[in-house]
Amino acid sequence: MEQNGGSIFPVGDALEMVIIFDRTGKITYANDAAEKKLEYEQELCGRNISDIFPNHFTAAENGLETAYPFGHELQNLVAYRKNLTCFPVEVRIMSSYAQPQTYICMANDTLEREHLNREVAQIKKEVQQAARVKAEFVANVTHELRTPVNGVLGNIRELLDVETMPDKLRPMKMIERCCEDMNKLIDNILDFSKLEAGKFTLEKRKFHVRDMLDYVKAHHISKITEKGLEFFMTVSPNVPEYVTGDELRIKQVLNNLLSNALKFTSVGKITVEILKTAQINGRIELFFIVIDSGIGIDKAEQDKLFQSFSQVDASISRKYGGTGLGLNICKQLVELMGGRIAVESRKGRGSTFSFSIWVDSCKEEPDRPAGANDARRPALTVSEVGERSADELQSFGTSKNREALEKNLSKLILCVEMENWEKAEGFMETVRQLTLKAPREVGRMVLRLKMAIQKEDYEKTASSFEELKAYLQ
C-alpha cells in the first residue's frame, strides 16, 4: 500500500487503473497501470481529468464542470490516450472520505473483454451452425438409407407371400430381418441426434396403461416363447387405468429393455413388473422392472451400459450385434420424463433393469407419499428364490433341467422337420446352455448336434438328436 496526504491508495502495480484528482480536476496520483494504459509514462500527475475523459469532464476557472454521477455504481465511459486515441472502460468515481473535495477514479479496460465477447459470440454461432448442419445431414442420410431399405423390405415381403420352397424362404426371411434391424438402427440414430441437439420433445396424451402393456407383451411374447423362455408380466392393482404421458416413448424404453433381455437370455425366464410408487398432486410415478436370467454383467462394467456407442466388451458386439445407442437413448428418454434408470446384475445370474417415469393422472386421486405404496418392491435385487431357481434350471440332471431340455429338444426337432433351421439354431443354443454343467460325453453329443444343424444336414441332425435323447432318457 502507498500513503499520500493521510489517505490510503492501492499499490502501483494494481491491474486496474487508479487515478486521484481534486475538485479542479487536477490529477494528484496515477498508478502504473493508468500511466501504461494511457501511454503517459509518469506524466499524468499535474494533468486534468478532462484530458482523460473529455466527454464527461471540462476544466473551468471556477473548478471542474461535470454531470458525472459520482458513487459506487459502474459507468461505461470512453478514455483517451496521450495520442488522442480512445478505448472503452468501466469506471467508478467516488468522493474520498479521508480528504474532502478529492475523488478516486478506478477504471478497467473493456476493449479486450468486448473483443473476447465478440469471439465467443462468433464461436457460439459457428457451433450452432455446425450442429444444425450435422442434424440436417443425419436427417438426410437416414432418410436416404430408409428409402432403399423399405424398398427391399416391401419386395421381400411380397415374395414371402408367394414363395413356398424352403431353401429360398430362409435367405428371404434373413433379408427381411436384416431390413427390420436396419430400420431400428436408423430410428436410434435419429433419436440420438435429436436428443444430443436438445430438439427432442415429448408428445403427451391420454392413454390406457394396460392396453399399452398388452401391446408390448404381444410384440415380444412369440419371440420369447419360441426361444423356450417363460414370460411373466404383472401390473400392480393401484396402477391407474388412464394416464397422460408420451405412450410411444414409454413403449420404446420397455421394448428396448425387453429386446436386450431376450437377446442375452438363453435359459429361464423374463419378468416385467409395473408399480405405482408415488402420487403428488396430479402427478404419478410409475415404476417398471425388467428381470431376466441371462448372461449378467460384472459390477465393474455396469457404468458403461448407459454411455453412447458403448458395449460392455467387444465380444458382446461381435456375438449379439448393436450400436450401443439403445440404453443411452433409454436413459435420456427416461430423464426427459422426470425419472431415472438403473441396473443391478451379477455375472451369470441375470440382470434387473428398472426405470421410473412421471405421468399426469386423468382423474382426482388422493395424494400418497412415496413409500406408502404397500405393493412397492422393497429392493431392486435379484431375489434369492430367483437365484436358486436359475441354479436348479442350469444344474444338469435336476427335474427342472430335464423338463426344460425335453421341451426345447421337442421344439428343436419340430423346427428341423419343418426345415426351419434358423429357429432350430435358437433352440440349439438353449440346449447348449442347459448342458453346460453336463458330463463331457453329453457335451460332445450336443456339439455334434449343433454342427449338424449349422450345416443344415438333416440325416446327421436326426441321428445326433436320437443319440442325445436316448442318453437323456
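R205 is partly exposed, at 47% relative accessibility. Partly exposed falls between buried, under 20% relative accessible area, and exposed, over 50% (1.4 Å probe, protein chains only). The model is predicted, so local features need pLDDT of at least 70 and side-chain atom pairs count only at pLDDT 80 or more, while totals for chains, interfaces and linings use all residues. Residues are numbered from 1 along each chain as its sequence is written, and side-chain values use heavy atoms, leaving out hydrogens and water.

**Salt bridges**

Side chains of opposite charge can pair when their charged atoms come close. Here a salt bridge means a side-chain nitrogen of Lys or Arg within 4 Å of a carboxyl oxygen of Asp or Glu. The whole structure holds 13 of them.

| Salt bridge | N to O distance |
|---|---|
| R205 and E247 | 2.5 Å |
| E241 and R210 | 3.2 Å |
| R448 and E467 | 3.0 Å |

Take R205 and E247, which meet in a salt bridge. This pair links distant parts of the chain, 42 residues apart. R205 sits in strand β10 (residues 205–208), and E247 sits in helix α6 (residues 247–263). Helices (H or I, at least four residues) and strands (E, at least two) are DSSP runs, numbered from the N terminus. E247 is buried, at 12% relative accessibility.

Next comes the salt bridge between E241 and R210. E241 lies in the loop between β11 (230–235) and β12 (242–245), and R210 lies in helix α5 (residues 209–226), so the pair ties together parts 31 residues apart in sequence. E241 is partly exposed, with a relative accessible area of 39%.

R448 and E467 form another salt bridge. R448 belongs to helix α12 (residues 440–454) and E467 to helix α13 (residues 458–472), so this pair ties together parts 19 residues apart in sequence. R448 is partly exposed at 38% relative accessible area. E467 is partly exposed too, at 32%.

Salt bridges also link R170, E425 and E456 in a network.

**A nonpolar patch**

F137, V141 and L145 make a nonpolar surface patch of about 260 Å². Patches take residues with over 30% relative accessible area and no salt bridge; like charges are joined within 9 Å, and nonpolar side chains (Val, Leu, Ile, Met, Phe, Trp, Tyr) within 5 Å. Accessible areas come from the Shrake-Rupley method with a 1.4 Å probe, and for residues only the protein chains shown count as cover. V141 is in helix α3 (residues 111–162). V141 is partly exposed, with a relative accessible area of 31%.
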